[in-house]
Amino acid sequence: MLKLNPVYQRELKTGVRSFRTALIILGYNGLLALFGLFAFYVTFEYEHRFGGSVDYASILRIYAIIAATEFCLVLFSVPALTAGAIAGEREKQTLEILLTTKLSPIQIIMGKLASSISMMILLAFSSLPVLALVFSVGGVTLKDFAEFMLLIIVTAIYIGSIGIFFSALFKKTTSATVATYGTLLILVIGTIGVAWVINVIIQMKLDNINIEGTIYQVADIGNWLLLWLINPAVTCFAMIERQIGTGKELNDFLGNFGSVSLYIRNNWFLISTVLQLGISILLLNFSSRLLNPLRKRCYWRKDA
Amino acid sequence: MLTIKNLTKKYSKTMALDNLNLNIKKGEIFGFVGPNGAGKTTTMRIVTGLLKADSGDVYVDGVNAGGNHKILKSKIGYMPDFFGVYDNLKAIEYMEFYASIYGIVGKEAKKLCLELMELVQLSEKADSYVDEMSRGMKQRLCLARSLVHNPELLILDEPASGLDPRARYEMKEILKELHYRGMTILISSHILPELAQMCSHIGIIEKGKMVVSGTVDEIISARGAARPILIKCTDEQEKAVEILKQNRFTRNITIRDNLITILFSGDEVQEAALLSAMVQHGAHISFFAREESNLEALFLQITTQEEQAT
């Protein structure tokens, strides 16, 4: 019989008994349904009423809106679920007892991560009726849907590992939550912001030497673009764009900032997913080291 | 069962443990006594693997704690002084959770958990939520939890703290039962009379050092002056105090109202000579006797002496 991680089992049991879980499911699906219905309204009712006709090619827009909304909800939910994973146990004074048992730090961490991913899977499955709206009008296949579910899980692991890392690093849940959301902000907006700033600086330098009548030189930020591989929002955009478009829009978007190798452009989703999973593994490893009370002391932390 | 050799731990500038040595044999209940900040909790946390010592060795049943922690953790059951419980979990589920950590699952786990809950007199609370229990019940549940993997050494950090007398009595009875079953127990507490009744051996620690250890009787007889002499004067108390100050066996004179308490290292003959000298000097003595031996007095005496020495 499959031996489940005891921490994971306990988290599942206590999680489903909590009223908070029901509220999260309600809020999550409520928002998603709202955006889904809005997408339907825009695509059919609005265009028919004011455009005179319905462009059925734009039906895929519904899928894009719902998928993007669900992805944003995942981005916002996972830090709240994981930032208190270890710090919360520390605050409740249950962590020490756990550390005196046979459970290794990595087992504790994996149990916590697994429970937060289970929660995301529960949310994703509970949102199936909303997502199924797109199947009523076609254009999206089951394969695309499975790919989207995989993205949700990978993103949950990625953001979850960041949350757990800060939870192991900081003593307070509040500090861990702030640090996790801050890191998420840097990943999603900061990486684009950095690329934009570098692009502006390079373009300003080029504008000084661009002479009228000759070929206008455009800034190329080069390898700085690869920063976006760790940006989960860009990963989601690449996946949705490939599913409902031609991949051209991603190329155009990247092209505004510089050039990236064709291989990376064509396999952006796969490469970024693998890279984000790699970062997750590293962070989980660091987290287990932080949790080990017999590790070499870090100079910035005091012993409990 | 537990051997600690030259254990040292420093927090910033504070020496928490200063070459501490301790030896507990199998089947003993060892009482660990000391003032706040003496190093009791630090010692326990090092033994249980929650803290890393700066130097020294800890052996549990011959296993070096610095070597294999997984084996060590299966031999030790630990109950900390402060602990929390999980929300939305029943008492039996709480027990089964910890049992599952040690690979005990299913019917075997349920049977074991119910037996342990019966031992700690919580059978009727098996289906109650843990966070709704009283403090005393939580303490007993935590004790049961620490026994789930049948450890060879039980380490209890102030298990009776915050409990009412009834709850403390129940805790004491449970520990006696465990001792009867052959469990080795290391227990720290500030409630010295109860420790003296329960423990086979005592160790007094102060400023990170083991000051004295052994059975209660051994310690008290080795430190004969632990039993102070109580003297009551109806009149001319100053004359009595003058004689006391001149006597070479007298230490630590404390006066409260008409009661004089002294630590006297002389034997019975010297005691009689002291009394005679006070009476001859004109002091009116209404009471002169040695206090019955008790651990509290010994503790105060030893820790006071150590303070004076430093």
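In chain B, helix 10 is followed by Gly282(B), whose phi is positive, near 110 degrees. Helices here are DSSP runs of H or I with at least four residues, numbered from the N terminus. Helix 10 of chain B covers residues 268-280, 13 residues in total. From first C-alpha to last it reaches 18 Å, close to the 18 Å expected at 1.5 Å a residue; the expected span is 1.5 Å times one less than the number of residues.

The model is predicted: local features need pLDDT of at least 70, side-chain atom pairs count only at pLDDT 80 or more, and totals for chains, interfaces and linings use all residues. Residues are numbered from 1 along each chain as its sequence is written, while chains are lettered from A and ligands numbered from 1 in the order in which they are written.

Chain B is assigned domain 1 (2-222) and domain 2 (228-291). These bounds come from an automatic or database domain assignment. The two domain centres, taken over C-alpha atoms, are 43 Å apart.

Between the chains, 20 residues of chain A are in contact with 24 residues of chain B. Contact requires C-beta atoms, placed from the backbone, within 7 Å. On the chain A side, helix 1 (6-17) and helix 5 (95-99) each give two or more residues. Helix 1 of chain A supplies the largest share, six residues.

Within chain B, Ile185(B) has contacts beyond its neighbours within four places in sequence. Its partners are Ile29(B), Phe30(B), Leu154(B), Leu156(B), Leu175(B), Leu178(B) and His179(B).

Conventions:
Two residues are in contact if their C-beta atoms, placed from the backbone, lie within 7 Å.
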